[in-house]
Amino acid sequence: MATVLTRNERLDRLRQRQITPVLIAGGGINGISTFRELALQGIPAILVERDDWCQAASGALSRMIHGGLRYLETGEFGLVKESVIERDRLLKNASHYVFPLRTTVPVETFGGGMVNATRRFLRLSDKPARRGALLIKTGLSLYDLYTRQYGSMPKHQVRSEAATRDRWPGFAPWVKYSASYYDAWISAPERLGLELVEDAERACSDALALNYMQLISSDGESVTLKDTLSGEQFRLQPHVLVNAGGAWIDRLNQQIAPKSARQKLIGGTKGSHLILDHPELLRMLDGEMVYFENQEGRVCILYPWGGKVLAGSTDIRVDDPDNVVCEAAEKAYILESLRFVFPEVVVPESAVVYTFCGVRPLPASDAKLSGQISRNHSLVMLPPDPTRAWSTLCLVGGKWTTFRRFGEEAADRVLRLLGEKRHVSTTDLAIGGGRDFPAPAAQPAWIAQLAQQHALPLPRVTQLVKRYGSRALPLLSLLRDDDRPLHHHADYSATELRYLTEHEQVCQLEDLLVRRTSLAIGGELTPPLIQEISLLMAQTLGWSERQRVQQLQRCCASLARFHGLHGLYPTVMQQEAQHVSEQ
């Protein structure tokens with residue numbers, strides 16, 4: 001089992017590092033990717049994130065890994081090509097978390113939307129409009145061209161009305177045709193981000209990643225970092241600073257170089273999603289995604305995810321990325337869009353078990369509609385000047401699917417600044433639990449062998465492999481001795497959660513409930529379960545009773561505000577009062 005640094009050991013290493021060749025500020029997927037790329041070249045970079053890994057936009061994606069079909073209409077052929085290539089690489093390099101997703105587009109007319117599509121392509125119009133079967137088939141044919149050249153997905157199909165009704169009897173009467181093609185989805189994006197961090201530190205022993213560490217100021221020669229958990233501050237001199245702050249890029253530039261950071265780089269939009277517990281809708285989807293245009297022509301998605309249904313999303317301009325939440329109006333908008341395509345399916349608000357949203361770090365733009373803003377990525381270099389001694393490389397834009405390519409480009413730019421060269425390619429490099437992970441056909445025999453080897457029930461081993469890929473192997477050795485389930489959740493054991501807490505940089509209760517496991521997003525949290533896990537974490541991390549109660553309060557407040565779980569807090573606090581009285 002690989003040696004894992006505790007947080008105190010990480011802080012000790014930071015105290016000993018007054019100088020670093022590269023400091024990366026921002027632990028979203030693009031900052032993490034850049035960190036991994038540099039570490040694989042032997043560069044002892046330092047990565048800091050003010051909250052937890054993939055906590056903001058990188059944990060609020062639609063959970064699709066896609067080529068970007070609609071980008072064809074705005075002429076971003078290079079982005080679609082790159083996205084298809086990276087999608088297929090993730091299907092191979094992260095096959096434990098990324099899977100093919102058959103997608104169906106319901107269509108109203110045969111030839112509709114051609115004029116408006118042409119005007120959008122020529123940048124003569126920002127107006128959204130619904131697309132006909134001919135236009136969609138044209139786009140899918142181009143999509144197939146890239147897929148056949150760079151990937152391995154099956155070709156698209158266009159169905160007649162009769163064939164559409166046969167497969168989708170619940171579609172609205174306006175649906176006359178349908179088209180199907182393949183993209184992909186990701187089961188655990190936050191976990192994949194963490195695995196990239198671990199891969200980086202394994203590749204370069206002097207590379208260091210710290211969550212809950214914020215860059216707060218600069219004096220021109222060095223920057224000041226602050227541990228947001230303890231308040232301790234650290235001074236560090238970087239040769240290159242990589243600003244991977246996402247929607248906060250402009251704010252961070254102003255913070256560390258207010259006189260020279262006048263250029264506005266980011267113009268973010270908020271995307272909200274819902275997780276629905278609706279068995280009827282789940283059965284209708286039968287493993288497929290429905291990718292449709294609502295009445296105003298905005299694209300919406302609906303697909304099975306973790307035994308629930310994921311629905312989204314909104315696309316709203318925001319100036320302040322802090323504290324964005326899925327508002328009641330957005331929830332109503334998504335549910336109304338769903339009724340537009342499935343009018344006979346009743347989805348009450350009570351079916352919403354979780355909400356999440358994030359700010360897409362799109363490049364600053366004057367476009368009237370956010371859908372017209374490019375989803376491509378770019379690098380903006382701010383050279384040293386009288387106010388700062390280091391170069392600043394800003395990572396602008398980007399989408400989850402292309403994180404590897406964006407990180408590769410950023411790292412190559414940094415390597416040139418350092419006078420170094422690339423030695424390792426990540427194009428075919430497996431990620432985390434995707435290493436030594438067998439192909440689907442070979443998995444049953446592999447899992448059966450593991451179950452026999454570790455004397456664990458086959459369903460339990462299957463469950464763990466699904467959660468962690470090949471990274472389940474060291475955990476299986478521990479569970480052989482003790483795998484008693486939690487009192488309030490039979491699918492997790494205390495040993496399993498203790499292992500995640502000790503080995504995966506878990507600092508807060510929310511880290512474990514929201515990002516290391518799918519308990520929150522899966523709608524599986526109950527007040528007794530939250531209390532049980534808080535007691536387990538207190539024992540593992542050495543929290544005092546006061547610290548444990550503070551963690552409960554903070555976590556429940558965050559779940560209510562940012563994820564719509566309003567009923568947990570009062571019940572948890574009542575349980576706490578009873579717990580104290582029984583002591």
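Where is the place of threonine 501? In this predicted model, threonine 501 sits in helix 15. Its relative accessible area is 4%, so threonine 501 counts as buried, the cut-off being under 20%. Apart from neighbours within four places in sequence, threonine 501 is in contact with Val506, Leu512, Met537, Thr540 and Leu541.

Two or more lining residues come from each of helix 1 (7–15), strand 7 (208–211), helix 15 (494–503), helix 17 (527–541) and helix 18 (545–563). By class, the lining of the second largest pocket holds 13 polar, eight nonpolar and six charged residues.

The backbone is the next topic. Most residues other than glycine have a negative phi, and most peptide bonds are trans. Tyrosine 212 has a positive phi of about 55° without being a glycine. Tyrosine 212 belongs to the loop between strand 7 and strand 8 (213–218), and with a relative accessibility of 5% it is buried.

Cysteine 54 likewise has a positive phi, near 55°, and is not a glycine. Its loop runs between strand 2 (46–49) and strand 3 (64–65). Cysteine 54 is buried as well, at 1% relative accessible area.

The peptide bond between glycine 312 and serine 313 is cis, with omega about -10°. Serine 313 is part of the loop between strand 14 (308–312) and strand 15 (316–317).

Terms used
Residues numbered from 1 in each chain as written. Predicted model: local features only at pLDDT ≥ 70, side-chain atom pairs only at ≥ 80, totals over all residues. Heavy atoms only, no water. Helix = DSSP H or I, 4+ residues; strand = E, 2+ residues; numbered from the N terminus. Nonpolar A, V, L, I, M, F, W, Y, C, P; charged D, E, K, R; others polar. Buried < 20%, exposed > 50% of the residue type's maximum accessible area, 1.4 Å probe, protein only. Contact = heavy atoms within 4.5 Å.
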